[in-house]
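Good morning, and thank you for joining. I would ask you to keep the sequence and the structure in view while I go through the residues and contacts in turn.

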Amino acid sequence: MNQRSLATLVVAVVVGFAAACGGSEPAPLTPPPPPSAAPVDTSPPPVASTPPVATTPPVASTPPAEPPPPTQPGPGDWEKWSHEQKLAWMKVGVMPKAKQMFQDYDGTKYADVRCGLCHGAGAKDGSFKMPNPDLPKLPASMAGFKPWLAKHPKMGDFMMKQVSPTTAALLGEQPFDMKTGQGFGCHNCHTSAAK
């Protein structure tokens with residue numbers, strides 16, 4: 001090691017000892033004075049003369065959608081239902097059953113069962129008015145039905161034993177009772193023949 005390096009080393013060690021043993025420390029720097037604090041405003045905020053602007057756009061009010069019809073109307077419900085509810089039930093409840101009944105009866109004649117089969121022109125104009133004057137006219141009295149049934153035994157049996165009672169049940173109505181003359185029956189769909 002040369003002398004110069006040795007001298008530098010000695011000076012460094014002496015200065016290090018002096019600092020470690022409580023030698024004089026440099027004077028601390030004086031911190032700068034704190035910034036002057038602005039006075040705090042404790043008065044309440046001013047009241048706006050106009051309402052605040054909404055952050056979300058208002059939602060347009062739409063009338064609530066009509067509830068879907070129940071799976072099947074109960075007694076007396078059919079007359080209380082809206083046109084839309086009846087239409088919905090006809091599509092999901094009545095039409096599939098009617099299609100099956102008529103195709104089982106005569107798959108060729110009733111290959112394409114649609115609303116017009118029972119509702120005629122009412123299916124086209126959207127009224128679905130019943131009884132439907134487009135259907136075959138039926139006798140107005142029980143006495144008149146006997147000759148009609150003799151002439152159309154297969155159709156009469158199908159209508160009276162399947163179509164009429166099934167439709168009554170699907171609409172929540174009592175089937176026609178011959179003794180009382182009350183209930184859902186032929187003349188709910190068919191008009192009467194003129195006497």
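Met 130 has a relative accessibility of 26% and therefore counts as partly exposed; buried means under 20% relative accessible area, exposed means over 50%, and partly exposed lies in between, with a 1.4 Å probe and protein chains only. This is a predicted model, in which local features need pLDDT of at least 70 and side-chain atom pairs count only at pLDDT 80 or more, while totals for chains, interfaces and linings use all residues. Residues are numbered from 1 along each chain as its sequence is written, and side-chain values use heavy atoms, with hydrogens and water left out.

Met 130 is located in the loop between α5 (121-125) and α6. Which residues does Met 130 touch, not counting residues up to four places away in sequence? They are Cys 118, His 119, Asn 188 and Cys 189, where contact means heavy atoms within 4.5 Å. The C-alpha atoms of Met 130 and His 187 are 9.1 Å apart in space, although the two residues are 57 apart in sequence.

His 190 belongs to the segment after α7. With a relative accessible area of 12%, His 190 is buried. Leaving aside neighbours within four places in sequence, His 190 is in contact with Pro 131, Leu 135, Pro 136 and Leu 138.

Let me now turn to the chain as a whole. It has seven helices and zero strands, giving the pattern α-α-α-α-α-α-α along the sequence. Helices (H or I, at least four residues) and strands (E, at least two) are DSSP runs, numbered from the N terminus. Of the 195 residues, 22% are buried. Among contacts between residues at least 6 apart in sequence, 45% join residues at least 24 apart. The accessible surface comes to about 15,100 Å², and 63% of that surface belongs to carbon and sulfur atoms; accessible areas come from the Shrake-Rupley method with a 1.4 Å probe, and for residues only the protein chains shown count as cover.

The aromatic residues come next. How many aromatic pairs does the structure hold? There are six aromatic pairs. Rings of Phe, Tyr and Trp (its six-membered ring) pair if their centres lie within 6.5 Å; planes under 30 degrees apart count as stacked, over 60 as edge-to-face and the rest as tilted. The pair of Trp 78 and Trp 81 is tilted, because the planes stand at 50°, with ring centres 5.7 Å apart. Trp 78 is buried at a relative accessible area of 10%, and Trp 81 is buried with a relative accessible area of 10%.

Tyr 105 and Phe 158 form a stacked pair, because their planes are at 10°, and their ring centres are 4.2 Å apart. Tyr 105 is in helix α3 (residues 83-105) and Phe 158 in helix α7 (residues 153-170), so this pair ties together parts that are 53 residues apart in sequence. Tyr 105 and Phe 158 are both buried. Ring pairs also link Phe 102, Tyr 105, Tyr 110 and Phe 158 into a cluster. Over the ring of Tyr 105 sits the charged end of Lys 154, 5.0 Å from the ring centre; the criterion is NZ of Lys or CZ of Arg within 6 Å of the ring centre and within 35 degrees of the ring normal.

I close with the charged pairs. Side chains of opposite charge can pair when their charged atoms come close. A search of the whole structure finds two salt bridges, each defined as a side-chain nitrogen of Lys or Arg within 4 Å of a carboxyl oxygen of Asp or Glu. One joins Arg 114 and Asp 112, with the closest N and O atoms 2.9 Å apart, and both of these residues are exposed. Another joins Asp 157 and Lys 161, whose closest N and O atoms are 2.9 Å apart. Because Asp 157 and Lys 161 are four residues apart in helix α7, about one helical turn separates them. Asp 157 counts as partly exposed at 38% relative accessibility, whereas Lys 161 is exposed, with a relative accessible area of 62%.
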